[in-house]
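Please open the structure in a viewer and keep the sequence at hand.

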Amino acid sequence: MNLKRQYPLFNEYYYEWGTPFVKSFHTHPQYEIYYFHKGDCEYLIGNEIFELEPGDAIIMNGMTLHGPIVDRDSEYVRSMFSFYPEIVRIFYQSQGPLHPLRPFEELKNRRIRLRGERKAEFEELLARMHKYYYSQNNVEFNRFLLAFFDMLWLIYSECQEAMDELERRSGKGEAGAGHRDDKERNVQAIISIIEHRYREPITLESLEKSVYMSKHHLSRIFRELTGASIIDYLFKFRINQAKILFILNRDCTVSDVYREVGFQSLSHFSRLFKKFVGLSPEQYRKKVQPFLLEPFTLPVPALGK
């Protein structure tokens, strides 16, 4: 019995792929692991855009719209594979307290910034997987599985703190300090207001009324927990939404976008966009929109070839 043919684990697989052509934005039911080796790339997942650096890995549940934003003339090297979680469950029958798919199921989508020894370890696992991936030999397929599961556990380790924090906030973990919990709830309330009402005028005075807390105290705890001022967070969120509009809608203009994301002044929008992105809105629009005009689908390698 050929285990690889009976249990096809991967839907797509690319190792150190350097072609400049990429998929258009997409979703799929498989889980995905993406690793950025080198080049110039931003990555869109839902309403977030990540500026990638070599050593960045991304885990995804696949169902959130995602895809890279690259300049066709720039270097872009990545490894990527989407896999069937049900096949992972077949090969992992342990009844222990940990499960390697927990990060994908609880965190859904997350960037992991690997550096130093962890970066070298992840790249070594990628190389080991690639060494055995195309073999039809059952022994070598099991060696491939060992490397793949080792990678899943490395990802689990990198996500442990975030998963435990999520569990604690959901009330399943141990009770934390009540004072900090109150701060977190108030800060999360502000973030939620910004995310849902960013198109509307938002001021410290309006937020003060929404959470029944003085704007001075609110500003202090927001900076304490996020490292940013409320206004900076609002502006960065609006700029991020503007980038998404430029990426996903080739017909939008700069004038369309600045109003849509809540700015009252084109000059203010342009100045902040240049500050946060490094390009003017029009330069960014021209950079990302040609990518959308000619979407290109990569060929899927056949198993055993």
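Begin by selecting two sets of residues that meet: Arg-118, Glu-121, Phe-122, Leu-125, Leu-126, Arg-128, Met-129, Tyr-132 and Tyr-133 in α4, and Glu-140, Arg-143, Phe-144, Leu-146, Ala-147, Phe-148, Asp-150, Met-151, Leu-154, Ile-155, Ser-157 and Glu-158 in α5. Contact means heavy atoms within 4.5 Å; helices (H or I, at least four residues) and strands (E, at least two) are DSSP runs, numbered from the N terminus. The residues of this contact comprise 13 nonpolar, one polar and seven charged, where Ala, Val, Leu, Ile, Met, Phe, Trp, Tyr, Cys and Pro count as nonpolar, Asp, Glu, Lys and Arg as charged, and the others, Gly among them, as polar.

The model is predicted: local features need pLDDT of at least 70 and side-chain atom pairs pLDDT 80 or more, while totals for chains, interfaces and linings use all residues. Residues are numbered from 1 along each chain as its sequence is written, and side-chain values use heavy atoms, leaving out hydrogens and water.

Next, display the axes of α4 and α5, which come within 8 Å and cross at roughly 155°. Axes are lines fitted to C-alpha atoms, for helices over the stretch in contact, with angles from 0 to 180 degrees between N-to-C directions. The two helices are therefore roughly antiparallel (an angle over 145 degrees).

Now select the open sheet, whose five strands follow the order β1-β7-β2-β5-β8 with antiparallel pairing; strands pair if DSSP finds at least two bridges between them. Its edge strands are β1 (10–17) and β8 (110–113). Between β5 (residues 56–60) and β8 there are four bridges, and Asp-56 has Arg-113 as its bridge partner in β8.

Finally, select α5 (residues 138–169), which lies across β1, β2, β5, β7 and β8 at about 95° to β8.

Technical notes
Parallel < 35°, antiparallel > 145°, perpendicular 65-115°, else oblique.
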